[in-house]
Amino acid sequence: MSGSMKLSLKLLVDKEKSRVVFAESDKDFVDILFSFLTLPIGTIVRLLGKKSSLGAMDRLYESVENLDARYFQTAPCKTMLLRPRNVSGVQCEGLALRVDDLEPLVYYRCPKKGFTCGFSSVPGVRCPCGQVMEVPFLANNLDRAEGSDGVFVRGPTSFLVSDDLSVRPVSTDASLALFQKLGIEDGSVLQERNVELGAQEVLNLLKRSLVSKRPLTDIFLQEPDMIDDADKSLKSMMAVITQTRVKYRSTATDSKRINVKLFLSKESDKVVYAEAREDLVDQLFSFLTFPLGSILKLLDKHSSLGCIDNLYESVELLSNSYNYMKSKECYDMLLAPKLPPYFGCDNQLLDIGEMCSQTIKVGHQSLDGIKTKYSYEMNPKLQTSGTETGGGFAKGMMTFMVTDEMEVTPLSPISAVHVINKLMVPINGLEEAHASLGEAEALHLLRACLISRTVLSDVFSPSLLTLLHERWCCRNRSKTLPQGHPTTSLQL
Ligand SMILES: [Zn+2]
């Protein structure tokens, strides 16, 4: 991060209501805001010190941290989830203030001389020669953002950034519209204020943009202890969810499904935990690698996260109506960011693109002159070195326990008892149900992980399961019902 660098920002403040009406800025500030969309969830959680307020994502991240390396396909899988690469990392190097501190141009190779083997974006991957690739090197990347003409946004225009992060080119219309929206009739309540934005303010802004509808006011006008705590904003978001509906894409084509065994307490209407194979764990862990922009795309701009949806819409608007984006590539980097090479997962059900792996051309001095050889990027998820895509993060042939709050551990009857006791539900009141996830349910799960701390109960609430079970019973009244625990098959 560019240590002491500061960016100045001009705010128009409504001093009576002590709130920011808008910020007037050049494209440097807008580029920083837009770069939030390129950040993978795992990076956001890490930068915000596991206090991201993103539902259960902090807990999911902690689960990866706490899970022993032997429960992953390879040790580097853990690094991929805890320090996911940003495919726009090279472009983001050009930001006036960098948000992510990962070095995007560092790769790793084996200690063998001559660079004829493979390389990887993650340290610790097995090289085709059998050694471990741990020697860092800097790749020469031609895509490095050059010069002064912005990272994502171009032109000399100034922008208006509203308190809820809608970005518009400056115009009288735009500012009048904001005055009207905020009910400001008397210009004498307005005051200009100059503020400075440093690395810490950028992180605060990232955090507040995910939970608040007025992040600029929160950061520049509120005393830190006046800001609503995360829990409160989480509750207000939960209220919103019931109103907005996620538009699921058709799942007609999905063939892959993830089966999961749930243990419910009907008394408290909670899913206590799920017994899952590596496919569900891969689906959940993959969320940490998803860039924010791709999540907003999957959720069709209905994430209910603070005001981040406005940022996404602003990119669309600046591009479609004003042609302010530098290129189509920049547009895609923000609105449909892809996963880095090999970060895709066979068991992952949601539609998100993956970048192609890279090849490095190396010149070798030999007796006949310089010979060109190629070095290939290796898939860190494969136990034997290789360049085929896919694979998974979690170890196969394992059973995991996933709690309602997204604590993922290897299944152990003793820890199951701990979980049951913690929730204070009677053990004999526990019921078993079977559920199956397709693409639509995976999307539901993603959304719940972002905004809720009782993810399984939200997605597979026992009352919903009961309802489905009763319907099933009605349909099959003529048949004899099985004895013992009711076993429900859920297809949401
Ligand atoms: Zn090697």
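Predicted model: local features only at pLDDT ≥ 70, side-chain atom pairs only at ≥ 80, totals over all residues.
1. β3 and β4 pair in the antiparallel sense, over two bridges. In this pairing, tyrosine 108 stands opposite serine 120 of β4.

2. As a general point, strands of a sheet pair through backbone hydrogen bonds, either parallel or antiparallel.

3. Now the metal. Which residues are the protein donors of the zinc ion? They are Cys110, Cys117, Cys127 and Cys129, each through its SG atom. They lie 2.2 to 2.5 Å from the zinc ion. Along the sequence, the donor residues follow the spacing C-x6-C-x9-C-x1-C. Cysteine 110 sits in the loop between β3 (106-109) and β4 (119-120). Cysteine 129 sits in the loop between β5 (125-126) and β6 (132-133). These two are 19 residues apart, and the pair links distant parts of the chain.

4. What is the geometry of the zinc site? The site is tetrahedral, with angles of 102 to 116 degrees among the four donor atoms. For four tetrahedral donors, the ideal angle is 109.5 degrees.

5. Is cysteine 110 buried or exposed? Its relative accessibility is 3%, so cysteine 110 counts as buried. Cysteine 129 has 33% relative accessibility and therefore counts as partly exposed. The cut-offs behind this are under 20% for buried and over 50% for exposed, with partly exposed in between.

6. Next, charged pairs. The structure holds 15 salt bridges. In general, side chains of opposite charge can pair when their charged atoms come close. One of the salt bridges joins the side chains of aspartate 14 and arginine 19, at 3.9 Å from N to O. Both aspartate 14 and arginine 19 are buried.

7. Glutamate 407 forms a salt bridge with arginine 59. Their closest N and O atoms are 3.2 Å apart. Glutamate 407 lies in the loop between β15 (400-403) and β16 (408-410), while arginine 59 is in helix α3 (residues 57-66). The pair links distant parts of the chain, 348 residues apart. Glutamate 407 is partly exposed, because its relative accessibility is 31%. Arginine 59 is partly exposed too, with a relative accessible area of 30%.

8. Another salt bridge joins the side chains of arginine 257 and glutamate 441, at 3.4 Å from N to O. Arginine 257 is in the loop between α9 (230-241) and β11 (258-265). Glutamate 441 is in helix α15 (residues 439-451). Arginine 257 is partly exposed, at a relative accessible area of 30%. Glutamate 441 has a relative accessible area of 5%, so this residue is buried.

9. Salt bridges also form a network. It links Arg46, Asp100 and Asp101.

10. Finally, the whole chain. The secondary structure comes to 17 helices and 18 strands. Of the 492 residues in the chain, 52% are buried. Among contacts with a separation of 6 or more, 71% come from residues 24 or more positions apart. The chain exposes about 22700 Å², and carbon and sulfur atoms supply 50% of that area.

Definitions and conventions
Residues numbered from 1 in each chain as written. Heavy atoms only, no water. Donors = N, O, S within 2.8 Å, 3.2 Å for Na, K, Ca; no water. Tetrahedral: all angles 85-135°; square planar, octahedral: opposite > 155°, others 65-115°. Helix = DSSP H or I, 4+ residues; strand = E, 2+ residues; numbered from the N terminus. Buried < 20%, exposed > 50% of the residue type's maximum accessible area, 1.4 Å probe, protein only. Pairing = 2+ DSSP bridges. Contact = heavy atoms within 4.5 Å. Areas by Shrake-Rupley, 256 points an atom, 1.4 Å probe, with all protein chains shown as cover. Salt bridge = Lys/Arg side-chain N within 4 Å of Asp/Glu carboxyl O.
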